[in-house]
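Biologist: Hi, could you walk me through this one? I'd like to start with the sheets and then move on to charged pairs.

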Amino acid sequence: MPDLLTITMTPAEIAQFREQGYAGPYAAMPAADMATLRERIDREVMGREGLPGCGDHQSRHLDSRLVYDLCANPQIVERMAAIYGPDLVLWRSNFFKKLPGDQEVPWHQDLNYWPLEPLVNITAWLAIDPATSENACVQFIPGSHKKALPHVQAPPEMAFGEMADPACADTSKAIDMVLEPGQFVLFNEKTLHRSAPNTSTMRRLGLAIRVTVPIVKVDHDQLFADHRCILLRGEDRLRLNRMADPPTA
């Protein structure tokens with residue numbers, strides 16, 4: 001177990017997050033460790049239904065200790081705490097699996113889709129497989145988080161039904177966030193991002209870990225009937241949300 005006092009963000013890294021809307025990449029674990037966990041994720045989680053409403057990919061931290069432990073990795077959580085404070089609530093997680101030939105996820109800001117009030121979130125995108133330019137790693141627009149953009153209906157060939165209005169989104173400064181297995185990047189709810197079609201022969205699997213703070217109210221019923229949050233760090237003094245304990249092994 002790492003010494004939590006040694007896991008933090010430097011002032012320069014925090015400044016980058018504030019100015020660019022993202023920070024990283026950082027290592028949650030060595031690639032060899034993730035290779036072992038990848039086999040377990042494929043065997044124990046992917047393709048197996050979770051709680052009603054979860055499917056095999058959404059909020060599996062509620063019923064899989066393996067997924068919860070990935071979300072609670074200290075390398076991730078302590079860096080989030082350096083930016084958002086000591087009290088953190090895990091409200092959602094999503095596996096994003098992009099197979100060879102899978103379609104584009106269009107440019108979007110996550111706040112457009114989420115039932116949070118106020119809209120405050122930090123996401124860690126954790127690479128399970130290698131995430132390369134060829135197999136459609138996430139792309140970011142630095143500084144795009146400084147205003148909310150209107151979203152419009154996306155073309156039918158896109159993976160999402162809505163996308164940021166192209167007339168309002170300057171994508172000329174897009175960067176590829178290439179990640180090795182076990183690495184992650186942090187970004188906030190307004191950072192404009194997308195992933196291109198997967199033109200490679202390699203799968204790209206990642207876990208998006210969604211974390212907020214206790215002042216935020218989650219509309220659980222917009223997600224699914226049995227949805228709960230889990231206190232990831234610190235205290236929940238306001239008790240605004242339905243909470244659960246971490247799953248057992």
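Biologist: What is the strand order in the open sheet of four strands?

Modeller: The order is S3-S11-S6-S9, and the pairing is antiparallel. Bear in mind that this is a predicted model, where local features need pLDDT of at least 70, side-chain atom pairs count only at pLDDT 80 or more, and totals for chains, interfaces and linings use all residues. Residues are numbered from 1 along each chain as its sequence is written, and side-chain values use heavy atoms, with hydrogens and water left out.

Biologist: What counts as a strand, and when do two of them pair?

Modeller: Helices (H or I, at least four residues) and strands (E, at least two) are DSSP runs, numbered from the N terminus. Two strands pair if DSSP finds at least two bridges between them.

Biologist: Which are the edge strands?

Modeller: Strand S3 (105–108) and strand S9 (175–176), each of which pairs on one side only. S9 pairs with strand S6 (residues 138–140) over two bridges, and Phe140 stands opposite Ile175 there.

Biologist: Switching to S2, is that strand buried or exposed?

Modeller: Nine of the eleven residues of S2 (residues 88–98) are buried, so the strand is largely enclosed by the rest of the structure. Buried means under 20% relative accessible area, exposed over 50%, and partly exposed in between, using a 1.4 Å probe and protein chains only.

Biologist: Which strands does S2 pair with?

Modeller: S2 runs antiparallel to strand S12 (residues 204–212), with nine bridges, and Ser93 faces Ile209 in that pairing. S2 is also joined to strand S14 (residues 230–233) by three antiparallel bridges, with Leu88 partnered by Arg233.

Biologist: What does the side chain of Arg233 meet in a salt bridge?

Modeller: That would be Glu78, at 2.9 Å from N to O. The pair links distant parts of the chain, since Glu78 sits in helix H4 (residues 74–84) and Arg233 in strand S14, 155 residues apart. Arg233 is partly exposed at 25% relative accessible area, while Glu78 is buried at 10%.

Biologist: How many salt bridges are there?

Modeller: The count is 15, where a salt bridge is a side-chain nitrogen of Lys or Arg within 4 Å of a carboxyl oxygen of Asp or Glu.

Biologist: And what about Asp110 and Arg210, buried or exposed?

Modeller: Both are buried. Their side chains form a salt bridge at 3.2 Å, N to O.

Biologist: Which residues are linked in a network of salt bridges?

Modeller: Arg38, Asp42, Asp129 and Arg203.
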